[in-house]
Amino acid sequence: MALDIGTWDLECVFNNTDHRTELNGTDRLIVRRGQPFTITLNLRSGSYEPGVNQLQITAEIGPQPVEQYGTKAVFGLSDAIDDTCWSAAVTSPPGDMVSMSICSGPDAPIGRYKITLDSYAQFELILLFNPWCPRDAVHMDSEEKLEEYVLAQDGIIYRGDAKYPIPYGWDFGQFEEGILEACLRILDENPKYKRNPGKDCSGRRNPIYVCRVLSAMVNSNDRDNGVLEGCWRDTFDGGISPMAWRGSVEILRTWNSTSCLPVRYGQCWVFAAVACTVSRALGIPCRVVTNYLSAHDTNANLVIERYVDENGQLQNISKDMIWNYHCWVESWMARTDLKAGFDGWQASDPTPQEKSEGVYCCGPVPVRAIKEGELTFKYDTPFVFAEVNADVETFLKYKDGSTRKITGTSQVGQKISTKSVGSDEREDITHLYKYPEGSDEEREAFKKANHQNKLLKQPVNSGLQVNIKVSVEMRKGCDFDVFAVVNNTTSVEKKCRLVFASRAMSYDGSIGQECGFKDLLNVELPPGGERKVPLRLNYSKYCNAITQDNLIRLGALLIDYSTRDAVLAMRTIVLENPEIKIRILGEPKVNRKLAAELIVQNSLPDPLEACCFSIEGVNLTAGKTITERIPNSVEPGQEAKVKIYFTPTHSGLRKLLVDFNSDRLGHVKGFRNVIVGK
């Protein structure tokens with residue numbers, strides 16, 4: 001006998017809290033797969049009698065739901081919940097109010113569902129991945145890690161340089177208003193959905209599939225209504241500098257509210273951060289990773305070929321590049337499509353670099369497969385392996401067109417970094433990607449990867465050495481010295497030419513204008529001798545050359561006249577911006593207005609114009625950016641100072657992100673942790 005259902009209550013507050021989705025709001029039902037949720041049915045007439053009353057429940061996702069593909073499930077009432085498939089059981093005693101528990105399978109496709117009770121009562125829910133469920137492919141068994149990689153709405157992304165990693169705060173904001181809707185829309189805008197929605201919705205049961213879709217859809221290079229357009233030029237006409245973003249929320253809201261027009265502009269850390277937001281929103285544990293000295297191997301030979309002229313200047317002959325740093329994401333999941341041992345962190349890269357299966361995407365690839373040199377594993381293992389392991393070969397190109405290999409010490413894949421669990425410290429995860437240099441395990445990985453260059457490489461010693469030393473402080477706006485230290489370790493005198501050059505550099509490895517140059521034609525080095533050669537970098541010279549990345553590439557080329565052997569040392573320096581001093585005025589409490597006092601001192605010898613401070617913080621600034629402009633110019637040595645007011649909406653540890661922008665300094669970043677009381 002059918003139940004005469006009058007009204008029903010989806011118990012959104014209880015269910016969403018129980019499923020850890022309440023931060024998305026409790027106005028609609030958002031649950032995680034493989035975990036029961038409760039609804040209450042109020043009967044118009046009669047009462048529920050076990051064994052007498054029956055109820056047919058249908059769960060459907062997508063426009064073409066079919067049981068065969070897992071996008072439709074039809075089931076009745078059972079004595080108890082079966083958490084391996086869609087099931088339902090009554091949990092209340094007989095009566096006119098029926099409390100019913102419903103559970104999806106732990107491998108059900110994620111997304112928007114229509115649930116029908118006996119063909120006339122109908123409601124909707126959103127189903128997410130469930131890393132708390134042991135049967136879910138994204139299961140993670142550490143509560144502390146789940147707090148960091150799924151629930152944390154802010155974090156840290158590392159930029160700068162391998163010798164000077166700079167932590168930047170970022171608001172992921174995956175639970176902010178409208179963000180989950182934008183994330184689900186990304187799945188529906190994906191070309192695979194438009195070609196075959198039934199097959200695509202079925203694929204959404206698999207986090208590997210979803211990860212790959214996100215990697216393609218966070219960028220817009222395939223003209224697929226992707227979220228972000230990349231730009232690596234010096235100017236950002238028609239859009240916003242990637243440096244200006246402090247979080248993912250504004251980007252995703254803008255994309256969703258402008259009919260999926262790509263948001264301008266992103267660079268690698270922005271692409272990675274948005275992918276991290278979407279992954280966490282959908283329930284996939286995710287973190288942003290930075291690889292310093294990251295190789296972009298365009299011809300898949302595991303070798304980055306660089307050419308320098310006799311003035312030590314890099315030539316744009318090869319398309320291969322070494323990025324000063326590159327960011328991607330790691331997502332946590334089981335890899336049932338591979339042999340055992342490759343579950344866990346999977347690297348994927350939404351920055352559009354090379355095509356994979358005809359689309360600009362990369363991954364997911366098991367991090368362990370990169371470490372072990374398993375280059376046949378899905379997806380795109382050779383490309384990511386090269387990013388952290390490619391060999392660097394540098395050639396000196398003479399004026400007559402001839403070339404000669406140079407001895408150098410460049411290494412790619414250094415100081416691979418991510419934010420630590422539960423703290424703002426940097427965690428070095430290089431060991432997850434690579435065995436120790438020179439170890440037997442490293443050699444075995446190179447053998448598997450057929451990395452002949454590294455296997456055959458022998459130490460070369462020409463008897464000449466060159467190193468670059470730098471000053472302790474290299475502040476933007478100051479003049480300072482850098483040094484080339486050259487050594488002759490042979491037993492004979494050497495006559496050499498030393499070229500010491502510096503040029504502005506973008507973080508993707510592209511070289512700009514000269515910042516300082518010295519060419520010594522007669523460097524005489526006695527046996528065992530050493531010479532220290534300074535190069536002065538003057539603000540008046542570098543101020544108009546450097547990009548928003550604040551990077552200068554130093555190169556010291558030492559050429560032995562007698563043998564024509566050449567030794568090259570290269571180093572990148574990061575010019576330090578002034579610090580933003582952030583002071584919170586008042587006791588932080590929920591719904592109590594607070595002020596942040598923000599101070600920046602102008603470290604340049606020029607006045608700053610068009611100055612403004614902006615702040616943003618999850619649960620601090622109501623999902624918006626608050627900006628305060630400074631009407632007057634800020635003279636050299638003077639302070640720019642404002643007070644900005646904001647009202648926290650939730651208790652707990654939050655990050656207040658601050659940006660100071662001006663015509664000469666560009667974007668200066670800072671953040672402050674704020675503990676908000678109830």
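This is a predicted model: local features need pLDDT of at least 70, side-chain atom pairs count only at pLDDT 80 or more; totals for chains, interfaces and linings use all residues.
Which residue of β37 does Gln601 stand opposite? Gln601 stands opposite Glu639. Residues are numbered from 1 along each chain as its sequence is written, and side-chain values use heavy atoms, with hydrogens and water left out.

**Sheet**

- Strands β33, β34 and β37 form an open sheet in that order, with antiparallel pairing; strands (E, at least two residues) and helices (H or I, at least four) are DSSP runs, numbered from the N terminus.
- The edges are β33 (581-585) and β37 (639-646), each of which pairs on one side only; two strands pair if DSSP finds at least two bridges between them.
- On average, neighbouring strands of this sheet are turned by 20° against each other, direction ignored.
- Strand β34 (residues 594-601) is joined to β37 by eight bridges, and the two run antiparallel.

**Helix α3 with α6**

- Helix α3 (residues 179-189) packs against helix α6 (residues 207-217) at an angle of about 90°, with the axes 10 Å apart; axes are lines fitted to C-alpha atoms, for helices over the stretch in contact, and angles run from 0 to 180 degrees between N-to-C directions.
- That angle makes α3 roughly perpendicular to α6 (under 35 degrees counts as roughly parallel, over 145 as roughly antiparallel, 65 to 115 as roughly perpendicular and the rest as oblique).
- Ile186, Leu187 and Glu189 of α3 meet Val210, Val213, Leu214 and Met217 of α6, where contact means heavy atoms within 4.5 Å.
- By class, this contact of α3 with α6 has six nonpolar, no polar and one charged residues (Ala, Val, Leu, Ile, Met, Phe, Trp, Tyr, Cys and Pro count as nonpolar, Asp, Glu, Lys and Arg as charged, and the others, Gly among them, as polar).

**Helix α3 with α8**

- The angle between α3 and α8 is about 100°, and their axes lie 10 Å apart; the two helices are therefore roughly perpendicular to each other.
- Ile179, Leu180, Cys183, Leu184, Ile186 and Leu187 of α3 meet Thr277, Val278, Ala281 and Leu282 of α8.
- The contact of α3 with α8 has nine nonpolar, one polar and no charged residues.

**Helix α7**

- In helix α7 (residues 249-257), the buried residues are Val249, Ile251, Leu252 and Trp255; buried means under 20% relative accessible area, exposed over 50% and partly exposed in between (1.4 Å probe, protein chains only).
- These residues cover an arc of only 170° around the axis, which puts them on the same side of α7; the arc is that of the directions from the helix axis to the C-beta atoms.
- The cover over the buried residues of α7 includes α3, β12 (228-230), β13 (263-266) and α8 (268-282).
- Ser259, which follows α7, has a positive phi near 55°.
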